[in-house]
Amino acid sequence: MKAVRIHEFGGPEVLRYEDVPDPKPRNDQVLVRVRACALNHLDIWVRKGLPGVSLPHTLGSDIAGEIVEVGEYVSGFKPGQRVLLAPMHFCNHCAKCVAGLQNQCPEFTVLGNRVDGGNCELIAVPTVNVIPIPDSLDFNQAASVPLVFLTAWHMLVGRAGIRPGQTVLVLGASSGVGIAAIQIAKLFHARVITTAGDEKKLEKARALGADHGINHYKQKISEEVKKITNKEGVDIVIEHVGAATWEESIKSLKPAGTLVTCGATTGPNVGLELRFVYSRQLSILGSYMGTIIRSADTRLCRTSETGGGSHISFERHSRRARAHGKKPDVRQNRAEPVGML
Ligand SMILES: [Zn+2]
């Protein structure tokens with residue numbers, strides 16, 4: 001097959017389009033023909049050089065495609081099925097994996113980081129990574145989902161425990177995590193304040209459901225947040241920018257508010273006024289990627305299109321079922337695909 005690989009770290013000039021052997025799926029794996037692979041900022045970090053990456057290496061975390069072959073032990077999937085791949089690699093048998101905490105597995109990494117990714121024609125993956133996609137999503141749209149929606153979902157739902165009626169500050173409305181976090185927060189009926197560097201980006205954020213936009217070049221984030229929330233502050237801050245926004249993010253929290261961070265694009269070293277943290281009882285949480293759970297808890301359930309962009313939402317199936325007084329059907333769920341949290 002053809003693949004784009006790197007044999008050394010560096011700029012785009014190190015990407016090499018070349019022939020490599022076809023992957024041979026194990027008995028418990030499926031072989032997927034890659035139809036779309038999104039570009040994530042992680043691809044650039046890895047291409048420039050990260051520890052633990054062995055060369056030659058294939059980049060690409062966000063993969064959508066169709067199944068071409070299933071291993072002997074695989075059930076529930078068949079050739080021709082359109083799928084996206086949960087963008088992670090883990091052992092699937094350690095205590096953490098068995099407990100559904102795959103992102104705490106000692107072997108955990110992101111597809112395209114310390115294991116080969118999807119910048120190639122074929123990829124073999126365990127079935128636990130495979131998630132069928134609805135006909136309403138084309139491959140390009142599906143490939144835009146995995147890493148950022150997994151990350152944003154785990155931040156809001158897994159870590160911050162978002163609840164309806166809360167107010168969420170999402171930094172970087174036009175970033176991948178920002179786009180996903182706005183939609184997930186709205187799915188939970190939260191009020192969303194977001195930031196961006198120009199009006200066009202803020203307009204797009206409003207089209208995704210954001211209630212308020214702050215231009216972070218023209219306005220001070222924490223001051224605008226105070227105005228919007230009647231001096232109260234927000235319940236949750238979705239932070240991934242790092243040094244450039246950290247202080248404003250902390251100042252925007254209400255007492256007992258929660259800041260969740262998943263990245264440090266502008267730098268990892270920040271200041272922290274401890275008296276402010278304990279006297280206001282703030283929670284500062286780290287979040288890395290996410291976990292895989294069975295569809296008894298989560299399922300890929302709804303897609304819609306707005307203004308040329310795509311929306312995709314993961315919904316707590318069991319919560320919805322409980323709200324309607326139904327018990328989740330375990331037999332049915334066992335045969336269904338996985339979701340991501
Ligand atoms: Zn494990």
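Trainee: How many helices and strands are there in the protein?

Mentor: This is a predicted model, in which local features need pLDDT of at least 70, side-chain atom pairs count only at pLDDT 80 or more, and totals for chains, interfaces and linings use all residues. Residues are numbered from 1 along each chain as its sequence is written. Helices (H or I, at least four residues) and strands (E, at least two) are DSSP runs, numbered from the N terminus. The protein has eleven helices and 20 strands.

Trainee: What percentage of the residues count as buried?

Mentor: A residue is buried if 20 or more other C-beta atoms, placed from the backbone, lie within 10 Å of its own; with 12 or fewer it is exposed, and in between it is partly exposed. The protein has 341 residues, and the share that counts as buried is 44%.

Trainee: Is Phe139 exposed or partly exposed, and why?

Mentor: Phe139 lies in helix H3, which covers residues 139–143. Because Phe139 has 19 C-beta neighbours inside 10 Å, it counts as partly exposed.

Trainee: What is the order of the open sheet of five strands?

Mentor: Two strands pair if DSSP finds at least two bridges between them. The edge strands, each pairing on one side only, are E9 (122–126) and E10 (130–132). The pairing is antiparallel, and the order is E9-E3-E5-E6-E10.

Trainee: Which residue in E10 stands opposite Leu85?

Mentor: Strand E6 (residues 82–85) runs antiparallel to E10, and three bridges join them. The residue opposite Leu85 is Val130.

Trainee: Which are the edge strands of the open sheet of three strands?

Mentor: This sheet has antiparallel pairing and the order E2-E1-E4. Pairing on one side only marks the edge strands, E2 (15–19) and E4 (57–58).

Trainee: How many bridges join E1 to E2?

Mentor: Strand E1 covers residues 2–6 and runs antiparallel to E2. Val4 stands opposite Tyr17 in E2. The number of bridges joining E1 to E2 is five.
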